[in-house]
4 protein chains.
Amino acid sequence: MKTTTAPLSPRKMPVQRRSVATVEALHTATIQVLVSEGLSRCTTTRVASRAGMSVGSLYQYYPNRDALLSGVLELHLTKIADALDAAAISARDKPVAEMASAIVQAYLCLKLANPDESKALYAVAAERDGARLMGVIYQRMVNAIAQMLATAPDNTFPDPVFTAHLALGVLTGPTKAFLEGFIPPGYTEQFQTHLSRLLAGYLQGV
Amino acid sequence: MKTTTAPLSPRKMPVQRRSVATVEALHTATIQVLVSEGLSRCTTTRVASRAGMSVGSLYQYYPNRDALLSGVLELHLTKIADALDAAAISARDKPVAEMASAIVQAYLCLKLANPDESKALYAVAAERDGARLMGVIYQRMVNAIAQMLATAPDNTFPDPVFTAHLALGVLTGPTKAFLEGFIPPGYTEQFQTHLSRLLAGYLQGV
Amino acid sequence: MKTTTAPLSPRKMPVQRRSVATVEALHTATIQVLVSEGLSRCTTTRVASRAGMSVGSLYQYYPNRDALLSGVLELHLTKIADALDAAAISARDKPVAEMASAIVQAYLCLKLANPDESKALYAVAAERDGARLMGVIYQRMVNAIAQMLATAPDNTFPDPVFTAHLALGVLTGPTKAFLEGFIPPGYTEQFQTHLSRLLAGYLQGV
Amino acid sequence: MKTTTAPLSPRKMPVQRRSVATVEALHTATIQVLVSEGLSRCTTTRVASRAGMSVGSLYQYYPNRDALLSGVLELHLTKIADALDAAAISARDKPVAEMASAIVQAYLCLKLANPDESKALYAVAAERDGARLMGVIYQRMVNAIAQMLATAPDNTFPDPVFTAHLALGVLTGPTKAFLEGFIPPGYTEQFQTHLSRLLAGYLQGV
DNA sequence: CATGAATGAGTCTTCATTCAT
DNA sequence: GATGAATGAAGACTCATTCAT
């Protein structure tokens, strides 16, 4: 499928290339099925056929349904953690207000970029395996934030990790409400502004 | 469901009593199974037998599995919304700092009282039907908060509903992290203090 | 299915009665499918439908396919071991020639009574789980024979267990050939006679 | 299968050499997989990869899974039948005691040489196709023994074929018990002696 | 009303086999 | 010829739901 015949090094790449394309197709299909049918009706067969392949092929790339779901979730969470990481590093030694808006921006930017994906994955993250994964990535993000906070020139945090926990919670909570559609989409602008302000306020006041 | 009619005729009492007890047993059992087996393995048979009855009896009280799950979730969410409602009403006309701690207190008090229940229900809330329900209750809570905010003597909110959205997000986000065990349980004390301060800071600064 | 409405104690028996009948139906069906389709095509669905029930019902009685197959095999082997046991006990203190014909008779009697069953189960016994089971029952039979041999008035066996092993092998080997149809069915008479004589000869000569 | 033509043209040699080697590799791999995974998990892919080749290549040598399994079984049985044949021919005109030990020796020698192989193939022989094959080879062996018996100088067999059947059964039964590990390996020595004596006794007494 | 056996649709997963490269 | 990805039929097993007792 999708035999993107590259002009360069046409020999060995195909294997890699096809794999990557296939995996991507599966990810996309998984999210589509998740969105359109919900987690419990997101079956391997359905995902495979939405991805334009047979079940058998799906199992060539993922050992089982959980692995597929976890894989998709992991990719999503990793992208966000990476972005947050990068933002947290860039914002080191900046005033806390800038730190706040840096991570809010990084987090929202990705989350709101693919709202469907984000929303669909909440259910996956809530299941057994998903929660485990969440925990791991969550810690990564907390650490990134904590380390950033420790460099703040205009404030000293007695317990940066704990503060980071709250900061991350402040990010995730309202964002989820936004993605679930509880907060009307018209508020997008304000949403980001307020979140930054809210977070900055907290960080300054600790 | 099955609103066994008014408590007028005393002859019906026993029946209703039994019903209520049974429904309660089912709720408890559901949560236990949810905790021990996870959502996907939370089957009607398992719930029924954990509740000490037969599947058939379960279906006397709930028309199907989804209704059972929704029922449990609804009860949980309603309790919280009620508590929040009450707190929001009590805190009217108080300074925003008091408002903040009032709703934080009300929310946390219930959520942390049955952490297992709360945690188990995240998965239920993430599925189709659960999300619908969440939306409804969420709006209730937002409204409660918004109306409270409108009475604040020390601040005027240009858009109380929007502010309420953020406020609620601030409550849910960190709390979820806490319940999932991402934030170590040792922080319980600090957690509530910081959450109140965080929220108060925001409400004062809007 | 097969509501053998007994006249006596109609209340609680049904559960037992139905179970027994159902299990029996499953055993019979299993053997029929084994005979007609072979082990690899002996699927749970096929067995269930041959037994006149749904797959689900089958799984109410056996946790999985292996358990079903093992169950059928076990019943078969146990019947034989029981018969052999009894024969071996009866033949204690008898001359070895009588011992020989006693166990040959007991073994053949059952094996040849249901040749289809016996034959069909060879494949089951050859698979993983079957072999384990075989080992257990085999030891039982060896012990029964060995203990019988130890009481022989006209011979002393230096190692009755080992002799019993060979004796049992002498029973199983030719019998299998017979059941598989390698030895023409016309020889039934002679078969038993020769087997007894063969065994007696060995036991006398040790 | 695929009887790669005679060794006349030397140009073909390499090809044939490769074929033979490949087939051998497949046989070995099949037995290894059989031993380690059991018959039902002995898949073409697994066998191929254990043999260091791709599934596709396997299908170059065998039209399907059954053919592979049958091929391996056939080779095994043929080796034994050949050995028995040879022994039976060599023992012609010898006293029955010598005949007995000749065929016992020939049979056991091969069977015990590769106990894993022998044991693994019992399951294959028990399935549909295997049983057919068994029948064919079994007849060959019976005939070989019968013809040998007919030349015995010290006994006259009224029905040499029938006697051969029993004789062969006496070989296979205890041997299987031995290979399955039911008879402790320590008895190897005695096993052969007793088997010979047992068989000789029978042949003399007919 | 309670019970729990029966049902069978629907899942996940495996594997023999093919065929484009 | 070799390769191994793709296919999809088929099998094991589960579970929501019903209904006879």
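Predicted model: local features only at pLDDT ≥ 70, side-chain atom pairs only at ≥ 80, totals over all residues.
Colleague: What is the distance between the closest C-alpha atoms of chain B and chain D?

Modeller: For chain B and chain D the closest C-alpha atoms lie 28 Å apart, and no contact joins these chains.

Colleague: How many residues of chain A and of chain B are in contact, and which helices of chain A supply at least two residues each?

Modeller: Here 33 residues of chain A are in contact with 32 residues of chain B. On the side of chain A that touches chain B, at least two residues each come from helix H6 (115-126), helix H7 (128-149), helix H8 (160-179) and helix H9 (188-205) of chain A, and H8(A) gives the most, with 11 residues. By class, that side of chain A divides into 18 nonpolar, 11 polar and four charged residues.

Colleague: How many residues do chain D and chain C bring to their contact, and which helix of chain D gives the most?

Modeller: The contact takes 32 residues from chain D and 32 residues from chain C. The elements of chain D that give two or more residues to the side touching chain C are helix H6 (115-126), helix H7 (128-149), helix H8 (160-179) and helix H9 (188-205), and H8(D) gives the most, with 11 residues. That side of chain D divides into 18 nonpolar, 10 polar and four charged residues.

Colleague: How are two packed helices described, and what is the case for H5(B) and H8(B)?

Modeller: Two packed helices are described by the angle between their axes and the distance between the axes. Helix H5 (residues 96-113) and helix H8 (residues 160-179) of chain B pack at an angle of about 30°, with their axes 11 Å apart. Because angles under 35 degrees count as roughly parallel, H5(B) is roughly parallel to H8(B), and H5(B) passes H8(B) in a right-handed crossing. On the side of H5(B), the residues B:Ile103, B:Val104, B:Tyr107, B:Leu108 and B:Lys111 meet B:Leu171, B:Thr175 and B:Leu179 in H8(B). This contact has six nonpolar, one polar and one charged residues.

Colleague: Which residues come closest to DNA strand E, and which to DNA strand F?

Modeller: Around DNA strand E there are 35 residues, the closest being A:Thr43, B:Gly56, C:Gly56, D:Thr43 and D:Asn64. Among the elements that each supply at least two residues of this surface are helix H3 (55-61) of chain B and helix H1 (13-37) of chain C, and the surface divides into 11 nonpolar, 19 polar and five charged residues. Of the 35 residues around DNA strand F, those that come nearest are A:Gly56, B:Thr43, B:Asn64, C:Thr43 and D:Gly56. Elements giving two or more residues to the surface near DNA strand F include helix H1 (13-37) of chain A and helix H2 (44-50) of chain B, and by class this surface has 11 nonpolar, 19 polar and five charged residues.

Notes: Residues numbered from 1 in each chain as written. Chains lettered and ligands numbered in written order. Near = placed C-beta within 6 Å. Helix = DSSP H or I, 4+ residues; strand = E, 2+ residues; numbered from the N terminus. Nonpolar A, V, L, I, M, F, W, Y, C, P; charged D, E, K, R; others polar. Contact = placed C-beta atoms within 7 Å. Axes fitted to C-alpha atoms, helices over the stretch in contact; angles between N-to-C directions. Parallel < 35°, antiparallel > 145°, perpendicular 65-115°, else oblique. Left-handed = near helix turned anticlockwise from the far one by under 90°.
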